[in-house]
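Let's take a walk through this protein together. Have the sequence and the 3D view open side by side as you read.

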Amino acid sequence: MDLKVSPRTVLVQTVDKLRDAILNGHFQPGDRLVEQDLRREMGISRGSLREALRRLEAERLITMAPNRGPSVAVIGWTEAEQIYHVRAILEGEAAAQFAVRATVSEIKRMRAALDDFAAAVAKDDPLGRLKSTGRFYEVMLAGCGNQIIRELLEGLVARINFLRAHSMSRPGRAKHSGSEMRRILAAIGKRDPAAARAAAVEHVQAACAAAREVFESKQAASDRARRYA
């Protein structure tokens, strides 16, 4: 993976590239991020890297431990399940409110995001899937009329994307996810708040179930590795 950045907007590019590298699995949960190696690979200054790491720490994507330095955050299943629970509540309400407020232009933008999602699935492009999903939800949250819901979910967005990457790594999950989001959009297009809420909640619950399977599979593999080590 090419992590080289150009001099222009170095900090922004550094944060974006490191975030993408975490979300697409280039850096795995628990991996140490060795500053000297990153500076050499990315071609950036110590100051730029450290500020980027601070920003990612604020997003809860990395942790800073004394005498160990930065490492990719590990999200356990208890925390993950709680995030999904909050998502179901907030996204369900956002979808219901958006269903009575959505403009034709906003619906078109959501449909375009889903078209891009389908293209990313066809190309097996994990980052493309995440970014198009993000655009889909950005339209809904910006237009739902509840700024608090938007702020709360934006505060979780990095961890939500981290979990999306995990759940959509399950074979076949990405296609189901696309179908579920299209049901959300169909309900919004019909101006049906109850159906939009139900579809949004069902989508989160399905993602939660897929993520649980991925977590349990990785835990089982880890347990086997320890037994035979």
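This is a predicted model: local features need pLDDT of at least 70, side-chain atom pairs count only at pLDDT 80 or more; totals for chains, interfaces and linings use all residues.

**A guided tour**

Let's start with Ser-105, which counts as partly exposed at 45% relative accessibility; the scale calls a residue buried under 20% relative accessible area, exposed over 50%, and partly exposed in between, using a 1.4 Å probe and protein chains only. Ser-105 sits in helix 5, residues 104-122.

Residues are numbered from 1 along each chain as its sequence is written, and side-chain values use heavy atoms, with hydrogens and water left out.

Now zoom out. The protein has nine helices and two strands, where helices (H or I, at least four residues) and strands (E, at least two) are DSSP runs numbered from the N terminus. In sequence order the pattern reads α-α-α-β-β-α-α-α-α-α-α. The radius of gyration is 19 Å, close to the 17 Å that the globule rule gives for 229 residues, so the protein is as compact as a globular protein of that length. That radius is taken over C-alpha atoms, and the globule rule is 2.2 Å times the number of residues to the power 0.38.

How much of the chain is tucked away? Of the 229 residues, 45% count as buried. The protein exposes about 12000 Å², and carbon and sulfur atoms supply 52% of that area; the areas come from the Shrake-Rupley method with a 1.4 Å probe, and for residues only the protein chains shown count as cover. As for contacts (heavy atoms within 4.5 Å), take those between residues at least 6 apart in sequence: 73% of them join residues at least 24 apart.

Charge is next. There are 38 positive and 28 negative charges, and their mean positions are 2 Å apart. Here Lys and Arg count as positive and Asp and Glu as negative, with His and the chain ends not counted. Each charge is placed at NZ of Lys, CZ of Arg, CG of Asp or CD of Glu.

Now for the interior. Ser-132 lies in helix 6, residues 126-143, and is buried, with a relative accessible area of 3%. Which residues does Ser-132 touch, not counting residues up to four places away in sequence? They are Ala-113, Asp-116 and Phe-117. Ala-142 also has its place in helix 6, but at 44% relative accessibility Ala-142 counts as partly exposed. The C-alpha atoms of Ala-142 and Ala-187 are 45 residues apart along the chain and separated by 18 Å.

Rings of Phe, Tyr and Trp (its six-membered ring) pair if their centres lie within 6.5 Å; planes under 30 degrees apart count as stacked, over 60 as edge-to-face and the rest as tilted. By this rule there are three aromatic pairs. One of them joins Trp-77 and Tyr-84, a tilted pair at 6.5 Å centre to centre with 40° between the planes. Both Trp-77 and Tyr-84 are buried, and together with Phe-215 they form one aromatic cluster.

On to the backbone. Most residues other than glycine have a negative phi. Asn-67, although not a glycine, has a positive phi of about 65°. You'll find Asn-67 in the loop between strand 1 (62-65) and strand 2 (69-72), where this residue is exposed, with a relative accessible area of 88%. Arg-191 also has a positive phi, near 60°; Arg-191 lies in the loop between helix 8 (173-189) and helix 9 (193-228) and counts as partly exposed at 38% relative accessibility.

Ala-194 lies in helix 9 and counts as exposed at 56% relative accessibility. Ala-194 and Ala-99 are 95 residues apart in sequence and 8.9 Å apart in space, C-alpha to C-alpha. Glu-41, in helix 2 (residues 35-42), counts as partly exposed at 37% relative accessibility. Between Glu-41 and Leu-3 the separation is 38 residues in sequence and 6.5 Å in space, again C-alpha to C-alpha.
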